[in-house]
Amino acid sequence: MSANPKSPAPAATPMRRLSLFERRALVVAMYGGYAAYMLLRGLAVSFDSGALGLAGIAALVGCAAAAWALLYQTPYWNWGNAPDGSLDERELAVRNRSYRVAYSAYAAITLLPVVYVSIAIDHPRLWLPRTYDEVSRIVWAMILTSGTLPSALLAWDDRPLEEDREV
Amino acid sequence: MIHNRISLLRAERGLSRKELADAVGVNFQTIGYLERGDYNPSLDLAFKISRYFNLPVEVIFSPEPFPSLSSQLRKIQEGEQK
């Protein structure tokens, strides 16, 4: 693995720095916000409740706001998605590790609904997604997870020491 | 773990992490990780650093911990006295 002879891209633009606690709180808020939206939207449809529907939209806005705060102008989106040539060898090694973990986690997350559906299909009392609205919520959850999980893992785990200044 | 003398050489030459990082093509935080021993460099990066400091690679990197500067100075002084 060779180091890029050019100056790496992440250092070129000033990035917002978040503490470990802030980053972890934003990761929880992002995924928790979408999970809350799925639940509230399902309840809103079941009980025909406008208030629950609004609460679901608020949770979705919270999820988007957390994603923006976590990934916009912080190193993590770029780190998770930049071309290999703009990262140095350590950053590539860390990203490869996060991709490996994200892939395993995503495979497990994707497998859970499949296992559930295969069980629920023989049990009429268990809930199954039947409408376009229900299926699309699950599909969007998968799209959100696949797109953000590597960057979220980097943000969750990255611990640059305070002494790591440029001097 | 690979031990190194990067921080010593950097201090001796009055270099910032950013200057060294730019010279060898890595992020300045990677220099911090190297200095703390939290990351082992590739051969390519080790040779780039040794070329930059104009020193043999084994003077900068070692699988064994380096002796402290004070013990080395004492040894040199004792050698001169004999």
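Predicted model: local features only at pLDDT ≥ 70, side-chain atom pairs only at ≥ 80, totals over all residues.

A polar contact is a pair of N or O atoms within 3.5 Å; within protein, one must be able to donate a hydrogen and the other to accept it, and residues adjacent in sequence count only if both atoms are side-chain atoms. Residues are numbered from 1 along each chain as its sequence is written, chains are lettered from A and ligands numbered from 1 in the order in which they are written, and side-chain values use heavy atoms, with hydrogens and water left out.

**Stop 1: chain A overall**

Colour chain A by secondary structure. Chain A has five helices and zero strands. Its elements run α-α-α-α-α from the N terminus on. Helices (H or I, at least four residues) and strands (E, at least two) are DSSP runs, numbered from the N terminus. Of the 167 residues in chain A, 34% are buried. Buried means under 20% relative accessible area, exposed over 50%, and partly exposed in between (1.4 Å probe, protein chains only).

**Stop 2: aromatic pairs**

How many aromatic pairs does the structure hold over all chains? There are four. Rings of Phe, Tyr and Trp (its six-membered ring) pair if their centres lie within 6.5 Å; planes under 30 degrees apart count as stacked, over 60 as edge-to-face and the rest as tilted.

Select Y34(A) and Y37(A). Their pair is tilted, with 5.5 Å centre to centre and 55° between the planes. About one helical turn separates Y34(A) and Y37(A), because they sit three residues apart in helix α1 (residues 20-47) of chain A. Both Y34(A) and Y37(A) are buried.

Next, select W68(A) and Y72(A). This pair is stacked, because the ring centres are 5.2 Å apart and the planes meet at 15°. W68(A) is exposed at 53% relative accessibility. Y72(A) is partly exposed at 41%.

**Stop 3: charges over rings**

The charged end of R16(A) sits over the ring of W68(A), 5.6 Å from its centre. To qualify, NZ of Lys or CZ of Arg must be within 6 Å of the ring centre and within 35 degrees of the ring normal.

Now select R90(A) and Y33(B). Here the charged end of R90(A) sits over the ring of Y33(B), 4.0 Å from its centre.

**Stop 4**

Select N27(B), in the loop between α2 (17-24) and α3 (28-36) of chain B. Is N27(B) buried or exposed? It is buried, with a relative accessible area of 6%. Show the backbone of Q29(B) too. Its nitrogen lies 3.0 Å from a polar atom of the N27(B) side chain.

**Stop 5: salt bridges**

Side chains of opposite charge can pair when their charged atoms come close. A salt bridge is a side-chain nitrogen of Lys or Arg within 4 Å of a carboxyl oxygen of Asp or Glu. The whole structure has nine salt bridges over all chains.

Select E35(B) and R10(B). Their side chains meet in a salt bridge at 2.5 Å, N to O. This pair links distant parts of the chain, 25 residues apart: E35(B) is in helix α3 of chain B and R10(B) in helix α1 (residues 6-12). Both E35(B) and R10(B) are buried.

Move to R13(B) and E12(B). Their salt bridge spans 3.8 Å, N to O. R13(B) is partly exposed at 39% relative accessibility. E12(B) is exposed at 59%.

Then pick D22(B) and K18(B), whose salt bridge spans 3.0 Å, N to O. Both lie in helix α2 of chain B, four residues apart, about one turn of the helix. Back in chain A, select R41(A), D133(A) and R137(A). Salt bridges that share partners join these residues into one network.

**Stop 6: positive phi**

Most residues other than glycine have a negative phi. Select D48(A), which has a positive phi of about 50°. D48(A) lies in the loop between α1 and α2 (50-71) of chain A, and is exposed at 72% relative accessibility.

Last, select N54(B). Its phi is positive too, near 55°. N54(B) is in the loop between α4 (43-53) and α5 (57-60) of chain B.
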